[in-house]
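Thanks for coming. Please have a look at it while I talk.

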Amino acid sequence: MQVSVSKIESQMERIAGCPVELVIRGDKDFTFAAEGMRSRELGKIAKFFGNAAVSKFEFDEEIDYSVLFVTVK
């Protein structure tokens, strides 16, 4: 079963409550990004994955962008 990136983005946007971009970096590595400081919103995505993944949040002040790196175990 193949799921499109736009479908995953749509589902994650519902969870986070804000627009989210998805980049697939590998078989088990994903990046979710959003404009502005979105630690709380992207934290909801990290919580969604729970113990099934390792998540790391970063915020880049220069470009005003939040990023959540997710690696599924």
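Serine 55 sits opposite valine 70 in β4. Strands here, like helices, are DSSP runs numbered from the N terminus, with at least two residues of type E for a strand and at least four of type H or I for a helix. Before going further: this is a predicted model, where local features need pLDDT of at least 70, side-chain atom pairs count only at pLDDT 80 or more, and totals for chains, interfaces and linings use all residues. Residues are numbered from 1 along each chain as its sequence is written, and side-chain values use heavy atoms, with hydrogens and water left out.

Back to β4. Valine 70 is also the bridge partner of phenylalanine 30. Strand β2 covers residues 29-35 and strand β4 residues 65-72; the two pair in the antiparallel sense over seven bridges. Pairing requires that DSSP finds at least two bridges between two strands. β3 and β4 also run antiparallel, joined by eight bridges.

What is the β4 bridge partner of aspartate 60? It is tyrosine 65. Aspartate 60 belongs to strand β3, residues 53-60. The hairpin of β3 and β4 has four residues between the strands, and in it aspartate 64 takes a positive phi near 55 degrees.

Aspartate 60 is partly exposed because its relative accessibility is 34%; the classes are buried under 20%, exposed over 50%, and partly exposed in between.

Now the salt bridges, meaning a side-chain nitrogen of Lys or Arg within 4 Å of a carboxyl oxygen of Asp or Glu. How many are there by this rule? The count is two. One joins glutamate 41 and arginine 38, at 3.3 Å from N to O. Glutamate 41 is buried, at 16% relative accessible area, while arginine 38 is partly exposed at 25%. In the other, lysine 56 meets glutamate 58, with the closest N and O atoms 3.1 Å apart. Glutamate 58 is partly exposed, at 34%.

Last, serine 39. This residue lies in helix α2, residues 39-49, and is partly exposed at 38% relative accessibility. Its C-alpha atom is 8.6 Å from that of leucine 68, 29 residues away along the chain.

How values were computed
Buried < 20%, exposed > 50% of the residue type's maximum accessible area, 1.4 Å probe, protein only.
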